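Hi everyone, thanks for coming.

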Amino acid sequence: MPGRARIRPPAPPARPAPGHGRPRAGASGADRASGNGTGARPGTRRAAAGGPRPGRSRSRARLTGRGAVLVMLAVFLLADLIAAGVHSTFLNGFGYAAGCALAVAYARREALLIVATTPPAIFFAALLTIKLLTAGGNAVLGGAEGTLLTLAALAPWMLGVTIAYLAAATVRGLPRCIQELRTALAGQGAARG
């Protein structure tokens with residue numbers, strides 16, 4: 001009849017691209033159920049291609065033992081120099097806390113034993129260096145006197161910071177480092193004897 005519209009037959013289904021729609025051999029049941037034959041979860045194509053994974057933060061850079069010691073020394077020297085310029089022991093204590101916190105937070109787990117044991121000695125060396133450089137008159141006597149007076153004023157601050165960074169190092173794995181050191185020393189003793 002001339003007034004009727006012509007009905008078209010339905011279009012054939014589109015062929016999936018090779019590898020899509022058919023499960024691979026060894027694909028998991030979840031992959032088969034989702035129709036993802038690649039073995040990867042949906043939405044991970046970008047991560048598999050080398051891009052950043054969504055929902056994951058980048059890992060922090062980790063310092064070696066020497067790197068952590070150098071970071072502490074640099075922070076201690078800078079804080080002690082500024083504190084000597086403005087005559088404030090608070091800045092000395094703040095520098096000690098900042099250097100210890102940075103070292104504990106960014107050191108590798110294997111370096112925690114060094115990070116846990118060296119801050120007081122490094123701080124003393126940095127403080128003595130700055131006091132010797134900024135002392136007037138008899139530099140040795142002035143530097144020694146200034147170092148001892150500053151350490152006496154900072155004793156409560158340093159004790160609190162030392163307890164805090166040791167607790168943080170313990171959480172990060174300090175006991176395991178101590179156990180590994182004991183095992184290594186026991187192995188060396190057995191090899192000698």
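Let's start with α4 and helix α7 (residues 139-172), whose axes cross at roughly 15° and come within 9 Å. The two helices are therefore roughly parallel to each other. On that scale, angles under 35 degrees count as roughly parallel, over 145 as roughly antiparallel, 65 to 115 as roughly perpendicular, and the rest as oblique. The axes here are lines fitted to C-alpha atoms, for helices over the stretch in contact, and the angles run from 0 to 180 degrees between N-to-C directions.

Before I go on, a word on what we are looking at: this is a predicted model, where local features need pLDDT of at least 70 and side-chain atom pairs count only at pLDDT 80 or more, while totals for chains, interfaces and linings use all residues. Residues are numbered from 1 along each chain as its sequence is written, and side-chain values use heavy atoms, with hydrogens and water left out.

Back to our pair. The crossing of α4 and α7 is right-handed; a crossing is right-handed if the near helix is turned clockwise from the far one by less than a right angle, and left-handed if anticlockwise. Which residues of α4 and α7 meet? On the α4 side they include Phe90, Gly93, Ala97 and Tyr106, and on the α7 side they include Thr150, Leu154, Trp157 and Arg172. Contact means heavy atoms within 4.5 Å. Sorted by class, this contact has 16 nonpolar, five polar and one charged residues. For the classes, Ala, Val, Leu, Ile, Met, Phe, Trp, Tyr, Cys and Pro count as nonpolar, Asp, Glu, Lys and Arg as charged, and the others, Gly among them, as polar.

Let's zoom in on Gly93, which lies in helix α4. Is Gly93 buried or exposed? Its relative accessibility is 0%, so Gly93 counts as buried. Buried means under 20% relative accessible area, exposed means over 50%, and partly exposed is in between, using a 1.4 Å probe and protein chains only. Leaving aside neighbours within four places in sequence, Gly93 is in contact with Leu154 and Trp157. Gly93 and Thr150 are 57 residues apart in sequence, and their C-alpha atoms are 9.7 Å apart in space.

Now the other partners of α4. With α3, the axes are 8 Å apart and the packing angle is about 165°. That makes α3 roughly antiparallel to α4, and α3 passes α4 in a right-handed crossing. Among the residues making this contact are Val71, Phe76 and Ile82 of α3 and Leu91, Gly95 and Leu102 of α4. By class, the contact of α3 with α4 has 15 nonpolar, three polar and one charged residues.

With helix α6 (residues 119-134), α4 packs at an angle of about 135°, the axes being 11 Å apart. That makes α4 oblique to α6. Asn92, Tyr96 and Cys100 of α4 make the contact with Pro119, Pro120, Phe123 and Leu127 of α6. Six nonpolar, one polar and no charged residues take part in the contact of α4 with α6.

In the loop between α3 (65-86) and α4 sits His87. His87 has a positive phi of about 55° although it is not a glycine. Most residues other than glycine have a negative phi. His87 counts as exposed, because its relative accessibility is 72%.

Next, the charges. How many salt bridges does a search of the whole structure find? There are two, where a salt bridge is a side-chain nitrogen of Lys or Arg within 4 Å of a carboxyl oxygen of Asp or Glu. In one, the side chains of Glu180 and Arg109 meet at 3.2 Å, N to O. This pair links distant parts of the chain: Glu180 is in helix α8 (residues 174-192) and Arg109 is in the loop between α4 (89-106) and α5 (112-117), 71 residues apart. In the other, Arg176 pairs with Glu180, with the closest N and O atoms 3.5 Å apart. Arg176 and Glu180 both lie in helix α8, four residues apart, about one turn of the helix. Glu180 counts as partly exposed because its relative accessibility is 37%, whereas Arg176, at 52%, counts as exposed.

To finish, the whole protein: its secondary structure comes to eight helices and zero strands. Helices (H or I, at least four residues) and strands (E, at least two) are DSSP runs, numbered from the N terminus. Of the 193 residues, 24% count as buried.
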